[in-house]
Amino acid sequence: GYLKMNLNNELSFEKALQELKDIVDRMESKDLTLEESFENFKRGVELYKYCFDILNKVEGDVKVLLKDDKGNILENDFYLED
């Protein structure tokens, strides 16, 4: 099923985050069997790691872009829009 889907560049960050929110909503509804809860939990962990990896990459890219000509990282706050 969809829970087995490989995440490598198949989902945008926004779609992965929305799916993660949907999983949390489903799990909070308490209408799932134990097996369904476990499958949703596994998918949620995959999505969390996927989103976290994207954020780490973006943060690294931003730091590279903010380096000055001496290689020092300029200390600027960087915020992702909601």
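These are my notebook entries on a predicted model of one protein chain.

**Ground rules**

I number residues from 1 along each chain as its sequence is written. As the model is predicted, I take local features at pLDDT of at least 70 and side-chain atom pairs at pLDDT 80 or more, while totals for chains, interfaces and linings use all residues; side-chain values use heavy atoms, with hydrogens and water left out.

**Entry 1: confidence**

I looked up pLDDT, the predictor's confidence in each residue, from 0 to 100. The chain average is 80, and 76% of the residues reach at least 70. Residues 1-5 stay under 50. For that stretch the model still has 14 contacts beyond four places in sequence. I count a contact when heavy atoms lie within 4.5 Å. Where pLDDT is low, the predicted coordinates should not be read in detail.

**Entry 2: overall make-up**

I found two helices and zero strands in the chain. Both kinds of element are DSSP runs, numbered from the N terminus: helices are H or I with at least four residues, strands are E with at least two. Next I checked burial. Buried means under 20% relative accessible area, exposed means over 50%, and partly exposed is in between, with a 1.4 Å probe and protein chains only. Of the 82 residues in the chain, 17% are buried. I also looked at contact range. Among contacts with a separation of 6 or more, 61% join residues 24 or more positions apart.

**Entry 3: helix α1**

Does the length of α1 agree or disagree with its residue count? I took the expected span as 1.5 Å times one less than the number of residues. The 17 residues of α1 should therefore span 24 Å, and the end C-alpha atoms are 25 Å apart, which agrees. Ala-16, Glu-19, Leu-20 and Ile-23 are buried in this helix. Seen down the axis of α1, the buried residues fall within an arc of 100°, so they line one face. The arc is that of the directions from the helix axis to the C-beta atoms. These buried residues pack against α2. On the other side of α1, I find Glu-14 and Glu-28 exposed.

I also checked Asp-22, which lies in α1. Its relative accessibility is 32%, so Asp-22 counts as partly exposed. Asp-22 and Gly-44 are 22 residues apart in sequence, and their C-alpha atoms are 9.5 Å apart in space.

**Entry 4: the core**

Which residues make up the largest nonpolar core? I list seven: Leu-11, Ala-16, Leu-20, Ile-23, Leu-47, Tyr-50 and Cys-51. By nonpolar core I mean a set of buried Ala, Val, Leu, Ile, Met, Phe, Trp, Tyr and Cys residues joined through side-chain atoms within 4.5 Å. In soluble globular proteins, nonpolar side chains tend to be buried together. I then looked up Cys-51. Leaving aside neighbours within four places in sequence, Cys-51 is in contact with Phe-13, Ala-16 and Leu-17.

**Entry 5: salt bridges**

How many salt bridges does a search of the whole structure find? It finds three. The criterion is a side-chain nitrogen of Lys or Arg within 4 Å of a carboxyl oxygen of Asp or Glu.

Glu-19 pairs with Arg-43, with the closest N and O atoms 2.8 Å apart. This pair links distant parts of the chain, with Glu-19 in α1 and Arg-43 in α2, 24 residues apart. Both residues are buried.

Arg-43 also forms a salt bridge with Glu-46, at 3.5 Å from N to O. These two are three residues apart in α2, so about one helical turn separates them. Arg-43 is buried, at 1% relative accessibility. Glu-46 is partly exposed, with a relative accessible area of 32%. Shared partners join Glu-19, Arg-43 and Glu-46 into one network.

Lys-42 and Glu-39 meet in a salt bridge at 3.2 Å, N to O. Both lie in α2, three residues apart, about one turn of the helix. Lys-42 is partly exposed at 31%, and Glu-39 is partly exposed at 21%.

**Entry 6: Lys-30**

Last, I checked the loop between α1 and α2, where Lys-30 is found. Lys-30 has a positive phi of about 65° although it is not a glycine. Most residues other than glycine have a negative phi. Lys-30 is exposed, with a relative accessible area of 72%.
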